[in-house]
Amino acid sequence: MASLCFSPSVLSCKIKPPITGFRKQRLSLFVCRAASLTFRDLDADDFRHPLDRQNTLLLRAIPGLNDIGKALLGTVSEQIMLLENIGTSVLVSENQLPELHYLVVEAARILNIEAPDLYIRQSPVPNAYTLAVSGKKPFVVVHTSLVELLSQKELQAVLAHELGHLKCDHGVWLTFANILTLGAYTVPGVGSLIAQRLEEQLLRWLRAAELTCDRAALLVAQDPKVDETRIVNSV
């Protein structure tokens with residue numbers, strides 16, 4: 001079980017230089033936060049939603065699911081997904097978009113998880129998602145329109161939500177579900193039956209997983225007044 005502790009105060013408050021490259025908007029973030037509540041030895045099961053746990057077990061119990069997944073999640077499919085995402089995005093680092101780097105690193109520290117790579121992708125559609133490719137470091141992709149739309153706290157809550165997927169090992173399952181549902185329909189005859197059977201269970205699992213990740217977002221935001229409605233409607 002996790003124990004609570006307070007980290008030293010971060011009292012340096014400064015305005016970072018504006019982030020350039022976002023369409024019709026300049027973004028500058030205030031990096032200023034008082035002492036934040038951290039969770040020592042935080043485990044995924046400390047905040048995992050019961051429905052998430054239940055539906056994950058049901059998903060794993062589907063006969064042949066792992067074998068189908070191994071066939072669909074081949075090296076070629078994974079590499080295409082990896083290159084398609086990172087090839088059209090900007091990698092966030094201490095030297096490139098440092099404000100966003102700070103937000104994801106702090107969120108990872110609070111959730112007791114290694115910070116994944118964070119990519120910013122130019123898109124007018126507000127969205128954020130997580131991909132975990134075998135043998136590769138997992139990464140989070142955030143669209144520029146979402147960065148422009150949300151406040152600093154809201155954006156960090158979105159990042160924490162995505163980190164929740166990684167903390168609870170959802171990343172592989174999310175990638176698996178997307179490819180499996182799409183790929184199953186391409187198998188003549190049997191494929192449509194497989195996809196029809198899996199679709200309901202996958203969607204049920206995804207909804208339950210989102211409840212868990214909303215809890216992760218709250219652990220990081222530590223403020224119930226963060227506008228969850230606007231975040232949900234944006235992503």
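Helices (H or I, at least four residues) and strands (E, at least two) are taken here as DSSP runs, numbered from the N terminus. On that basis the secondary structure of the protein comes to 9 helices and 8 strands. The model is a predicted one, in which local features need pLDDT of at least 70 and side-chain atom pairs count only at pLDDT 80 or more, while totals for chains, interfaces and linings use all residues. Residues are numbered from 1 along each chain as its sequence is written, and side-chain values use heavy atoms, with hydrogens and water left out.

Of the 235 residues of the protein, 46% count as buried, where buried means under 20% relative accessible area, exposed over 50% and partly exposed in between (1.4 Å probe, protein chains only). Among contacts (heavy atoms within 4.5 Å) with a separation of 6 or more, residues 24 or more positions apart account for 70%.

The packing of α4 against α6 can be described in some detail. The axes of the two helices, which are lines fitted to C-alpha atoms over the stretch in contact, with angles running from 0 to 180 degrees between N-to-C directions, come within 9 Å and cross at roughly 50°. The helices α4 and α6 are therefore oblique to each other, given that angles under 35 degrees count as roughly parallel, over 145 as roughly antiparallel, 65 to 115 as roughly perpendicular and the rest as oblique. The residues that make the contact are listed by helix below.

| Helix | Residue range | Residues in the contact |
|---|---|---|
| α4 | residues 98-110 | Leu 100, Leu 103, Val 104, Glu 106, Ala 107, Ala 108 |
| α6 | residues 152-167 | Gln 152, Leu 155, Gln 156, Leu 159, Ala 160, Leu 163 |

A nonpolar core is a set of buried Ala, Val, Leu, Ile, Met, Phe, Trp, Tyr and Cys residues joined through side-chain atoms within 4.5 Å. The largest such core has 35 residues, of which Leu 100, Leu 118 and Val 142 touch the most other members. Two or more residues come from each of α4, β6 (117-121), β8 (139-143), α5 (144-149), α6 and α8 (190-221), and α6 gives the most, with 7 residues. Apart from this core lies another, of 7 residues, among them Leu 59, Ile 62, Trp 173 and Leu 174.

Lys 153 also lies in helix α6, and is partly exposed, with a relative accessible area of 45%. Leaving aside neighbours within four places in sequence, Lys 153 is in contact with Asp 223 and Val 226. The C-alpha atoms of Lys 153 and Ala 221, 68 residues apart along the chain, are separated by 6.6 Å.
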